[in-house]
Amino acid sequence: MEHLSPSAPVDVLARRVRQVRTRREITAQQLADRLREVGVPWDRATVTKLETNRRQSVSIVEWLALARVLDVAPVHLLIEPEVPGPDVDDQAAQPYEVTPGATVPRHQARAWVRGLTNLPGTNLRTFFSEVPAWEWGHHWVLVSRDADPDAPIKDLHKWERAGYSGFGNPDIIGGDRGESR
């Protein structure tokens with residue numbers, strides 16, 4: 001896979017909306033109708049403008065509504081998931097633009113959006129300080145400070161269920177929210 005230009009979030013979202021909508025056999029008009037039902041006043045033309053890259057922005061409310069009416073997790077519209085196959089590592093390594101001019105590999109952007117890892121140049125302790133203690137037992141986190149978040153997708157053995165093998169004091173952030181193991 002030779003495509004190395006970074007994927008911008010709105011471009012990916014537009015492509016993913018069209019892919020998911022088409023796969024689910026939903027017309028642009030039906031999508032617009034569903035969005036109006038959940039309070040987002042789109043019409044067929046707005047859906048078409050998004051899918052043809054003539055609409056360069058989507059609000060958070062619109063993004064969440066699109067995910068809701070397409071019945072997909074928001075992250076799957078924002079950042080393309082890898083398709084299983086021999087080039088899965090190449091797909092995962094594709095650059096994704098997290099801010100204008102700043103890119104990371106696609107798999108790292110997905111992990112960041114899910115709250116599983118920080119971005120390069122940010123403080124790991126600060127990043128994870130915002131995770132509520134009860135969530136630690138329900139997340140998979142990068143468990144080693146020296147594990148490489150840029151490693152190929154096949155090296156996910158570096159990720160483990162948070163808790164005793166994760167960061168912090170297991171008595172505070174244990175996997176079972178204080179319940180016995």
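Helix 1 comprises 15 residues, and at 1.5 Å a residue these should span 21 Å; the C-alpha atoms at its ends lie 21 Å apart, so expectation and model agree. The coordinates discussed here belong to a predicted model. The residue that follows the helix, E25, has a positive phi, near 55 degrees.

The buried residues of helix 1 are V10, V12, L13, A14, R16, V17, V20 and R21. An α-helix has 3.6 residues a turn, so residues three or four places apart point the same way. In helix 1, V10, L13, V17 and V20 are among the buried positions. The buried residues of this helix pack against helix 2, helix 3, helix 4, helix 5 and strand 1.

The side chain of R21 reaches the backbone oxygen of I26 at 2.8 Å. When neighbours within four places in sequence are left aside, R21 is in contact with I26, T27, A28, L31, V47, E51 and L70.

In soluble globular proteins, nonpolar side chains tend to be buried together. L35 illustrates the packing: with residues up to four places away in sequence not counted, L35 touches V40, W42, A65, L66 and V69.

The view may now be widened to the whole chain. Its elements number nine helices and four strands, and from the N terminus on they run α-α-α-α-α-α-β-β-α-α-β-β-α. Of the 181 residues of the chain, 40% count as buried. Among contacts with a separation of 6 or more, 50% join residues 24 or more positions apart. The chain exposes about 10,700 Å², and carbon and sulfur atoms supply 53% of that area.

Technical notes
Residues numbered from 1 in each chain as written. Predicted model: local features only at pLDDT ≥ 70, side-chain atom pairs only at ≥ 80, totals over all residues. Heavy atoms only, no water. Polar contact = N/O pair within 3.5 Å; in protein donor to acceptor, adjacent residues only side chain to side chain. Contact = heavy atoms within 4.5 Å. Helix = DSSP H or I, 4+ residues; strand = E, 2+ residues; numbered from the N terminus. Buried < 20%, exposed > 50% of the residue type's maximum accessible area, 1.4 Å probe, protein only. Areas by Shrake-Rupley, 256 points an atom, 1.4 Å probe, with all protein chains shown as cover. Expected span 1.5 Å × (residues − 1).
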